Every structure is written in structure tokens, then in C-alpha cells.
Amino acid sequence: MKITYRALSAALLLGAAGVAHSAIIIDNNTGGLYNNGIGDLSLYYDASQFPGPNSSEGDPTANPLAEPTFFTPEFGADWLNGDYTGGTWASSLNIPNNWAVNSEVAIVYDFDLLELTDIHIDFGVDNGIYVWLDGTYVFGAMAPGGASINEYDLDLTALSAGSHSLQILLEDHGGATGYQIAVDAVTSTAVVPVPEPGSMALIGLGLLGLMGSRRLRR
């Protein structure tokens with residue numbers, strides 16, 4: 001499941017070229033690949049990264065968190081490089097906001113950018129989160145309490161045009177679970193999320209509008 005964000009002419013959509021614009025490209029209504037068969041990673045990791053069930057090692061706050069050093073077979077052969085062989089992955093139209101208490105789940109959002117782009121990410125999680133972009137670790141944190149979209153924020157600059165993957169591992173160690181996300185793309189032209197079948201129709205509407213304005217001038 002891949003999300004395509006088409007950088008369309010600002011003259012067609014906003015009438016303002018060369019101005020920075022921001023658009024939400026991923027949120028809690030966005031689909032992706034979802035793996036809820038990982039189980040409890042506290043059986044394999046130090047408690048500083050994956051505390052035991054029901055907060056048996058307390059309810060720690062840690063920011064930053066080190067990158068996890070290995071993955072169990074349930075993640076697949078090489079999930080950070082797109083090899084899900086042997087993993088428990090499935091496509092999901094909407095990534096769930098909650099999952100089984102005292103367990104971990106993984107998410108992959110695949111997306112395309114058609115121009116050099118900065119992105120800003122807001123996260124909320126109960127309890128911990130680990131984040132990679134295209135297989136490179138970029139963020140990790142853990143805290144008690146519920147999930148708020150204002151809990152963490154991350155800026156990733158100068159992403160190249162082309163295909164990218166945002167890869168996320170969510171951690172829980174008792175009580176409840178929760179997950180919130182908002183990813184904004186910031187470019188010099190409008191970045192508009194367009195479903196593939198409708199993209200040409202939208203461009204066509206813009207061109208028709210330009211043709212109509214020319215006829216009125218005549």
C-alpha cells in the first residue's frame with residue numbers, strides 16, 4: 001500500500017508560486033502495512049528499552065532511546081529494507097490507534113515525493129516509540145501516560161524526490177495503549193495527497209479552469 005503525494009502547480013491550485021506550503025500527508029486515517037504479531041519484546045530486550053508487562057520495571061521516561069539491536073522472526077527477514085518474508089504483516093486501510101496491552105506492533109507507511117521536501121512529524125504514544133526513515137534510525141522515546149499528538153515532534157529535512165518508507169515500532173508495558181501521528185510535508189509548491197485514479201481528473205479540472213479564464217478575456 002503506497003501513498004503518492006503529487007507536487008502540482010500552485011498556479012492551478014493556489015495561485016501562489018514560490019511560497020512555502022504545508023500539507024498533512026500521513027495521519028491516523030492513513031493506511032499502511034501493520035504487524036500485530038510481534039508479541040512481548042521484554043522477553044528479549046533490556047528493561048531500559050522494553051520494560052516488562054504491567055510495568056514490572058517501573059514506568060520510565062526516556063528520551064532519546066537507543067535503536068533496538070535485533071528483531072525476532074515475527075518482524076520478517078529484513079523489515080527495515082522491505083523484506084517481510086516470514087513476518088506477520090498485513091495491509092491496513094487505517095492503522096489502529098490501540099493494540100494489545102503488554103505487546104509491541106510495527107507499522108510501515110510507504111510514500112512517494114515528487115520533489116525535494118522537508119517533513120515535520122508529531123507523535124503521541126502510550127508508552128514507547130521507535131522510528132526509522134528508509135531503514136535509518138531517527139527517533140526513539142518512552143513515557144508514562146496516554147497518547148497526545150503534542151507529545152513528541154521531529155523534523156526531517158531535504159528528503160529527495162522518490163519513494164520513502166516511514167517505519168515505526170510501538171511499545172507498551174501495561175495499563176493501556178494509544179497512538180497518534182501527523183506528518184506534514186513542506187515544499188515550495190503545494191503538496192496535495194491525490195488518490196491515483198483521481199489525479200488526472202484533478203489536473204484536468206485545473207486546465208479547464210485556465211482555458212475558461214482565457215475565453216473570458218477574449
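**View 1. Strands β7 and β8 pair in the antiparallel sense.** In this predicted model, β7 covers residues 128-133 and β8 covers residues 136-142, with six bridges joining them. Strands here are DSSP runs of E with at least two residues, numbered from the N terminus, and two strands pair if DSSP finds at least two bridges between them. Look for Tyr130, whose bridge partner in β8 is Gly140. Two residues separate the strands of this hairpin, and Asp134 in the turn has a positive phi of about 55°.

**View 2. Gln167 is a buried residue of strand β10.** The strand spans residues 162-171. Gln167 counts as buried because its relative accessibility is 2%, where buried means under 20% relative accessible area and exposed over 50% (1.4 Å probe, protein chains only).

**View 3. Leu43 sits in the loop between β3 and β4.** Those strands cover 32-39 and 90-92. Is Leu43 buried or exposed? Leu43 counts as exposed, because its relative accessibility is 65%.

**Notes for all views.** Residues are numbered from 1 along each chain as its sequence is written, and side-chain values use heavy atoms, leaving out hydrogens and water. Local features need pLDDT of at least 70 and side-chain atom pairs count only at pLDDT 80 or more, while totals for chains, interfaces and linings use all residues.

How values were computed. Helices (H or I, at least four residues) and strands (E, at least two) are DSSP runs, numbered from the N terminus.
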